[in-house]
Amino acid sequence: RSGGGGARGHSAAVHCVDFGGPSPGVLSAPSHSAATCSKDGTCKIWNIDVRYTFKEDPKCRATLEAPDNAPLHLCALSREESPAWLAAYSRT
């Protein structure tokens, strides 16, 4: 599903986006990845190192499902150029 030109991939609303930069929600220059978590119970890791001027979309590198398929509310990538860790949180 697309949110008005956004990345396709989640089947429900996205609750959180993290770019793995120096603080949550801040896009930093060396960041090539982003994580999203959704009401559909999935976290997705995206390659955002694309050519937007050529209308390329970010590419999904991985999809992780919540063990109980509960909606996910927060996600965070580790703070490095090539993130090695993803944390996700559900209120349920």
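A nonpolar core is understood here as a set of buried Ala, Val, Leu, Ile, Met, Phe, Trp, Tyr and Cys residues joined through side-chain atoms within 4.5 Å. In this predicted model, the largest such core has 8 residues, namely C16, A35, C37, C43, A66, L72, C75 and L77. Strand 2 and strand 5 are the elements that give two or more residues to this core.

**Overall architecture**

The protein contains 0 helices and 6 strands, so that its pattern along the sequence reads β-β-β-β-β-β. Among contacts with a separation of 6 or more, 41% are accounted for by residues 24 or more positions apart.

**Around the core**

Strand 5, which spans residues 74-77, has a covered face made of C75 and L77 and an uncovered one made of L74 and A76. In a regular strand the side chains alternate between the two faces of the sheet. Strand 5 is joined by 4 bridges to strand 6 (residues 86-89), the two running antiparallel, and within this pairing A76 stands opposite A87 of strand 6.

C43, another member of the core, touches T36, C37, A62, T63, L64, L72, C75, L86 and A88 when residues up to four places away in sequence are not counted.

H15 belongs to strand 1 (residues 14-18) and, at 36% relative accessibility, counts as partly exposed. Although H15 and C37 are 22 residues apart in sequence, their C-alpha atoms are 5.9 Å apart in space. Leaving out residues up to four places away in sequence, H15 touches C37, S38, K39, P71, L72 and H73, and the side chain of H15 reaches the backbone oxygen of L72 at 3.0 Å.

**Polar and charged side chains**

Is S33 buried or exposed? S33 is found in strand 2 (residues 33-38), and its relative accessible area of 2% makes it buried, because the cut-off for that class is under 20%. The contacts of S33, leaving aside neighbours within four places in sequence, are D18, F19, W46, I48, R61, L77 and P83; with one of these, R61, the side chain of S33 makes a side-chain polar contact.

Side chains of opposite charge can pair when their charged atoms come close. The count of salt bridges in the model comes to 1, and this salt bridge is formed by the side chains of E56 and R51. E56 is partly exposed, with a relative accessible area of 23%.

The distances of the side-chain interactions described above are collected here.

| Interaction | Partners | Distance |
|---|---|---|
| Salt bridge, N to O | E56 and R51 | 2.7 Å |
| Polar contact, side chain to side chain | S33 and R61 | 2.9 Å |

**Loop residues with positive phi**

Which loop holds K55? K55 is placed in the loop between strand 3 (42-47) and strand 4 (59-65), where its phi is near 60°, a positive value in a residue other than glycine. K55 is exposed, with a relative accessible area of 74%. N69, which lies in the loop between strand 4 and strand 5, likewise has a positive phi, of about 55°, although N69 is not a glycine.

Methods: Residues numbered from 1 in each chain as written. Predicted model: local features only at pLDDT ≥ 70, side-chain atom pairs only at ≥ 80, totals over all residues. Heavy atoms only, no water. Contact = heavy atoms within 4.5 Å. Salt bridge = Lys/Arg side-chain N within 4 Å of Asp/Glu carboxyl O. Buried < 20%, exposed > 50% of the residue type's maximum accessible area, 1.4 Å probe, protein only. Polar contact = N/O pair within 3.5 Å; in protein donor to acceptor, adjacent residues only side chain to side chain. Pairing = 2+ DSSP bridges.
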